[in-house]
Amino acid sequence: MPEYRTVLKVKDLPEESARVVEVDGKLVAIFHHAGKYFAIDDTCPHMGASLAEGYVEEGIVTCPWHAWRFRLEDGAWADNPRLKVGCYPVRVVGDEIQLAVECTENG
């Protein structure tokens, strides 16, 4: 069962912006788009660019280096949904943006 961790304050992620956070050594891009929050792996699988630096339109982020496009909702590559980047549940509790992370048996 996932646990949620606070990664940002709501005030730190204005509408139509993105930020990178590190969770357990993994870089995750948090997006605030169309009134919702989304979280996907920050690193594009093609050449390693930061997806948080990409352009978001209609729920899809376009990689700033080579224009690979990923859906914010599920991390799927918009041009071939068989390829995906990690996607994580996000919730807002009070003024905190929280990201779900998997619990391990060791804590």
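**Rings, cores and charges**

Arg91 lies over the face of Tyr4, 3.9 Å from the ring centre; for a charge to sit over a ring, NZ of Lys or CZ of Arg has to be within 6 Å of the ring centre and within 35 degrees of the ring normal. The model is a predicted one, so local features need pLDDT of at least 70 and side-chain atom pairs count only at pLDDT 80 or more, while totals for chains, interfaces and linings use all residues. Residues are numbered from 1 along each chain as its sequence is written, and side-chain values use heavy atoms, with hydrogens and water left out.

On to the other rings. The structure has two aromatic pairs, where rings of Phe, Tyr and Trp (its six-membered ring) pair if their centres lie within 6.5 Å, and planes under 30 degrees apart count as stacked, over 60 as edge-to-face and the rest as tilted. Trp68 and Phe70 make a tilted pair, at 6.5 Å centre to centre with 35 degrees between the planes. Trp68 also pairs with Trp77, this time stacked, at 4.5 Å and 15 degrees. Put together, Trp68, Phe70 and Trp77 form one aromatic cluster. Phe70 is buried at a relative accessible area of 0%, and Trp77 counts as buried too, at 18%; buried means under 20% relative accessible area, exposed over 50% and partly exposed in between, using a 1.4 Å probe and protein chains only.

Phe70 turns up again in the largest nonpolar core, which has 15 residues; Phe31, Ile40, Leu51, Val61, Phe70 and Leu72 touch the most other members. A core here is a set of buried Ala, Val, Leu, Ile, Met, Phe, Trp, Tyr and Cys residues joined through side-chain atoms within 4.5 Å. Strand E3 (26–33) and strand E4 (36–41) are the elements that give two or more residues to this core; helices (H or I, at least four residues) and strands (E, at least two) are DSSP runs numbered from the N terminus. Leaving aside residues up to four places away in sequence, Val61 touches Phe31, Ile40, Leu51, Gly54, Tyr55, Val56, Trp68, Arg69, Phe70 and Leu72, with contact meaning heavy atoms within 4.5 Å. A separate core of 12 residues lies apart from the largest one, and includes Val23, Tyr37, Ala39 and Tyr88. In soluble globular proteins, nonpolar side chains tend to be buried together.

Then there are the charges. A search of the whole structure turns up eight salt bridges, each a side-chain nitrogen of Lys or Arg within 4 Å of a carboxyl oxygen of Asp or Glu. One of them joins Asp24 and Arg5 at 2.8 Å, N to O. Asp24 sits in the loop between strand E2 (17–23) and E3, and Arg5 in strand E1 (residues 2–9), so this pair ties together parts 19 residues apart in sequence. Asp24 is exposed at 58% relative accessibility, whereas Arg5 is partly exposed at 27%. Both belong to a network of salt bridges that links Glu3, Arg5 and Asp24.

Arg69, one of the residues that Val61 touches, forms a salt bridge with Asp79 at 2.9 Å, N to O. That pair links distant parts of the chain, 10 residues apart: Arg69 is in strand E7 (residues 69–71) and Asp79 in the loop between E7 and strand E8 (87–88). Arg69 is partly exposed at 30%, as is Asp79 at 47%.
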